[in-house]
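I opened this notebook to record what I looked up in one structure.

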Amino acid sequence: MPVTVLLPRQPDPSCPRRRWRRLRVVLPLLVVLAAVTAAELPQAAAAHAKTPATKASIRCYRGLGTWVDMYDTKAWNKPAAAAKDMQAHGVLTLYVETANYHWPVDVNRPDALAGLIQQCHLRGIRVVAWYLPGFATPGKDYRRSMAAIEYRTPDGQKFDSFALDIEATIVRNATLRNYRLLKLSKKIRAAVGPRYPLGAIVMSPAGMAKYPGIWPDFPYVKLAAIYDAFVPMGYYTYHGDGYTNAYSDTLKNIRIIRKKTGIPAIPIHVIAGDAAKSSPTETTAYVRALRESGALGGSMYDWATTNAGSWKALRNVRFNPRQRPTLPGILPFADRMGYRCGDRSHPKEAFYQAPRQAGDRVLSFRFYDAQADEIRLLVNWQDVGALPAGAAKKWSDVQQVTIPAAMLKPKSRNVIGFVARGDYPDWSVWGVRDVTLTAP
C-alpha cells in the first residue's frame, strides 16, 4: 500500500551582515500609528492571501546571483574584470548597493556604477540595485530609492530591477518602523508602476521567528502585495555550523515566507551564508535545500569573498520559474511535473519527500517522453543512476525501481528527485507523475 506522508514541502537577524554603523535616533512614540496599522492588516491579508503583487517579470531573481556592496573596491575599480569573473562562475544577476541611509550621497560613485552596469549587461548579466533605508528620515529613503531606479549610464542603460534592503532597526518603535516601511514601499510601487520588478530583501525569517523582539509583526502579507519577489537574508553561517545547519536553515526560511504570506508559490530567491564563513560543504547543503524547494534561485554574499569550493557548489543553483505545485511534492503524488507535459514550471527537476523509511522500498512512477539516460534518480542526494527510457511523446506505463534500505533514512525525512538532462535555456522535454513509494 502507498506510504502515508506527513511532512509537506519543503539567522539570526541579531548578527549584522553589513559594514554600516547603527545610528541612535530619538523618535516620538506615535501611538496612533499602531491603530492605523492594525486596522489595515485584516483587509490586506484577505486581499492578498492567494496571488502575488503584480505582473512584473521576476527574471532578475531567477538563477545564480552575487552581491557587491559599496565597500567592494575590487569590483568598483575594475568593473570589466569583475563582470568577466562573474560570467565565468555562471552568475546571471548582480545585486549592487547604490547607497544606504547614512551614506553622504544618494548614489555611490555614479561613474564607476555606470561601468558595472555596462560591463555586466555586455556579458548578459542583469543588474539589480539595492538600497538600505533607515526609516528615520522617510524623505531621504524615498529619494535615494528613486535615485537608484532612475539612474542612467551615459549611454542610457539602467538597472533591471530595484530591491529594498529591509533590515535597519534604528527606529526602535516597531509599529512606526512598519508604518514607514509600508508607506515607502507603496510610494515606490506607485512611482514605478505595476510592471516594474521590485524585490524585498528581508531579514532571516528563521531568525525573526527565533528572536521576535527584533522585528515584531513583520508585515509579510502587505509586502507580498507590493513586491514581486522575496529575497531573504538566510545567513545560515550566523546560526550554526555544518551541513545540517545550512540545509535546515535554508528550508526553514522558505517555509516561513510561504506560510506567512499565504502564497505557496511566492517567488523566493534565498541569500546564502556569509561567503567568507561558508565552507563548500555548507554551500552544497544550501544549494540542495534551494533545489528541493524549487526556489527561483540563490546567491552568496558577497562576490569578492566567495571561495572556489563554494563557486563550484553554486553552479547547481537552478534558473527556476515560479512553480505550481511547489516543491517538494508529497508522496504519493499524481500531479504532472516536468517540461512540456502539461507543466512548464518544473523544467529541470522534481523533488518529492516521504517520512522515515525502514527497509527496502519500491518507487513507482510514469514518465513522459523520457529518452535513454535523460533522467537520473536521486535518493537522499545519492545518485542511483539514469532511469530507463519511457514512451516517446506520451506517458509511459508504470515503471518501478527498488530502493535498498541502505539508501533510505529510518529516523528522518527522505527526499527523492528526478533530474532531467539539459540546462537553461536548453531544457529537455520530459515529465513525471503518479509517484509512489511502497513496501515490496
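The entries below follow the order in which I consulted the model, which is a predicted one.

**Entry 1: cysteines.** I searched for disulfides and found that the structure holds zero.

Entry 2: In what order do the five strands of the open sheet lie? I read the order as β9-β11-β16-β13-β14, with mixed pairing. The edges are held by β9 (329-330) and β14 (382-386); each has a single partner strand, so one side of each is left without a neighbour in the sheet. Within the sheet, I noted that β13 (residues 375-379) pairs with β16 (residues 414-420) in the antiparallel sense, over five bridges. I looked up R376 in particular and found that its bridge partner in β16 is V419. I also recorded that helix α10 (residues 280-293) packs on the sheet, where it touches β11 (349-354), β13 and β16. The direction of α10 makes about 95 degrees with that of β11.

**Entry 3: two helices.** Two packed helices are described by the angle and the distance between their axes. For α3 (residues 79-88) and α4 (residues 110-122), I noted axes that come within 8 Å and cross at roughly 35 degrees. This crossing of α3 and α4 is right-handed. Which residues make the contact? From α3 they are P79, A80, A83 and M86; from α4 they are G115, L116, Q119 and C120. I classed the residues of this contact as six nonpolar, two polar and no charged.

Terms used:
Residues numbered from 1 in each chain as written. Predicted model: local features only at pLDDT ≥ 70, side-chain atom pairs only at ≥ 80, totals over all residues. Heavy atoms only, no water. Disulfide = S-S within 2.5 Å. Pairing = 2+ DSSP bridges. Helix = DSSP H or I, 4+ residues; strand = E, 2+ residues; numbered from the N terminus. Contact = heavy atoms within 4.5 Å. Axes fitted to C-alpha atoms, helices over the stretch in contact; angles between N-to-C directions. Left-handed = near helix turned anticlockwise from the far one by under 90°. Nonpolar A, V, L, I, M, F, W, Y, C, P; charged D, E, K, R; others polar.
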